[in-house]
Structure formats: C-alpha cells, structure tokens
Amino acid sequence: MKEKLEALRTQALAELEAADTPKVLEEFRIRFMGKKGPLTELLRGMGALPAEERPRVGQMVNQLRAELETALATREEAIQSALKAARLKEETLDVTMPGKRAAAGGLHPLNSVLNNMIDIFQSMGFDVVDGPEVETDYYNFECLNVPKDHPARDMQDTFYIGENLLLRTQTSAAQIRTMEERKPPIRVICPGRVYRADEVDATHSPVFHQIEGLVVDKNITICDLKGVLEQFAHEMYGADTKVRFRPSFFPFTEPSVEVDVSCSACGGTGCRICKGVGWIEILGAGMVHPRVLKSCGIDPEEYSGFAFGIGLDRLTTTRHKISDIRLLFENDRRFLDQF
Ligand code: DAH
C-alpha cells in the first residue's frame, strides 16, 4: 500500500510540475482529487483492510491529499503569476515613445477661397443663392439672350442630357431664376459647379466652379460695377493690387468687360503664373442686357443692373501658386495637407 501511495505521489507531483496552464491544472485536480480520483478510491477501499491497518492507511492517504492540495495551490499561484507577468509585459507602454499625430481634416483650398469670397460679398450686402446644376436650355442660354443659332453657343461646349436639358455651362442661369423669384433691389451671388465638354489639361477641366453675381436696382451704373469689383479684388488680393477693365463681349450684358488683376506672384513684372504678361484675368462682367431684364419681367426703363461671373478655380490656383488645375480635383492628401 505504501508503495502504491508513493507511486501515486511521484506521478502526481510530476504532472503538477509539468502543468503550465490553468486548464491543465484543473484537469489534474479533477483527475487526482475528485470524487472518482485514486485518493477517494483508496479511502473507499479501506473497508477491505484489516481493522488495525485502517487508521494508518487513512492517515497516509489524508497526508498525501493534503500534500497534493498544497502543491496544487503553489502551482496554481506560480501559473497565475507567470500569466500576469506575461500580460504586463505585453501591455507595457513606453511613455517616452513619440505619439501618433491624429489626422485632422481641413478645408479644401477651393472651399477656403470660396468662403473668403462669400465673406467679402456678404460684407457688401450680397445674399448667397443656389441654383440647379441640371438646367434647361431656356435658363442656361435662351433667356440669357443666346438663341438657338447664336454663335456664342460654340464658346461653351455643352453636355446635353436631353433635347432641352443640360449640365449648366455657367452659373449665369441663376441670374434668371433669381430675377424671376425676387423683386429689385437684388444683390446676390451664386457659387456652384459648371460643366463644359473640355479636354482635361493643366488649365482645363470639364467640371469647374464659378461665382455668379447680380445687382439690380434703380440707377445702377457701370461705376457701381467698377466700385464693387475693385473693392472685391483689393480685399481678395491685397490693397496694392492693380485692377484693369477690358472691353469684351457676352450676349447677356451690354457693355461687357473682362477684369484682370496684377499678378500677385510677380507684382506685374511677368512670371510663370501669369504667363509673362503681368496680369491675370479673373472674371467677366457687364451691365445686364435690357432684353434679359425684360424677359424676367423687370422694366429696363425703371431698373438697371450689373452682373459678373468669377472663375473660382483660376482664383484658387493663382492665389496658392498651384501650377496645375488637376491637383484641385485629384484629392491627393499629400497635396491637400499643404493648405
Ligand atoms: N458666364 C460667363 C462665362 O461663363 C461669365 C460671365 C460674364 C458672367 C459676364 C456674367 C457676366 O454674369 O455678366 O464665361
């Protein structure tokens, strides 16, 4: 019996020694110390022993049980503390390591320049209005004094969606909608996307942006046009920027002008940004054609107005000295993060 207990002890201690996870340990406990384990079995079989041997054997079995229980507890503690040490090691934080910079979003350069422009015009009393990008031929051309056979239609290669439906080629369509909805005095700007069937290159994109402006009231003259646009140019580009008005042609204005500002990159001496001429064209404008006023139900004898269309993309590329318009549309983070 003694040898049997000794063998059991050796085996149990060896297994305990080898156990290295709580799961193996638990299996050990059930197998050796449980109700169906060898120790319980031995105690149960004691009835078969001569009565004088029973106390001694009982004592030995209980001693072994106590020894194994202690060994089990010790082993359990060792495993738990090894697990804890491993977890702590894994979770160690080196607080001296450099942190990861949190990626912060920012305004697209087109939006920040647009916000800037909106601020300038709002401070002069303009409202911001919106117009649809899918327009009818009537609003985009017809009502702006560009009838079906007018050569000016060739200036703007149009994406047609249906016979009378198109992607607007100019925000000027918003002028008409505004005059239909509001009575003078009118002072609005309408920023938005416009579309033309242009080949993509460094200065052309089939989608680009304009800000339309419209003022209609009594006694509006070309002096008002000059004053407002000069003020805009000075606020946008700086007070020493020179502004130049050149005669031009648009079917919906008479007279019409194009407006240049002295190049902000070279100050007017000529550089790569202004293609050597010292001036940058930023907008088209003019006095609203009486025929346009009339077709919107405004009496040209009583009211007059001026309108302008600013190219937002050009303004943004010149302001930030961006050499290729395509960069504005590619949304490359390496480019955008610079603004
Ligand atoms: N719509 C013109 C264009 O796309 C720009 C323009 C010129 C708008 C004169 C106007 C204007 O309102 O009066 O080129």
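Author: Happy to! Asn219 counts as exposed because its relative accessibility is 68%; here buried means under 20% relative accessible area, exposed over 50%, and partly exposed in between, with a 1.4 Å probe and protein chains only. Asn219 sits in the loop between E5 and H8, and although it is not a glycine, its phi is positive, about 60°. Helices (H or I, at least four residues) and strands (E, at least two) are DSSP runs, numbered from the N terminus.

Please keep in mind that this is a predicted model, where local features need pLDDT of at least 70, side-chain atom pairs count only at pLDDT 80 or more, and totals for chains, interfaces and linings use all residues. Residues are numbered from 1 along each chain as its sequence is written, and side-chain values use heavy atoms, leaving out hydrogens and water.

A nonpolar core is a set of buried Ala, Val, Leu, Ile, Met, Phe, Trp, Tyr and Cys residues joined through side-chain atoms within 4.5 Å. This one has 42 residues, and Phe232 and Leu315 are among those with the most contacts inside it. Leaving aside residues up to four places away in sequence, Leu315 touches Phe232, Met236 and Tyr237, among others; contact means heavy atoms within 4.5 Å. A second, separate core of 25 residues includes Val216 and Phe250.

Asn331 also has a positive phi, about 55°, without being a glycine; at 48% relative accessibility, Asn331 counts as partly exposed.
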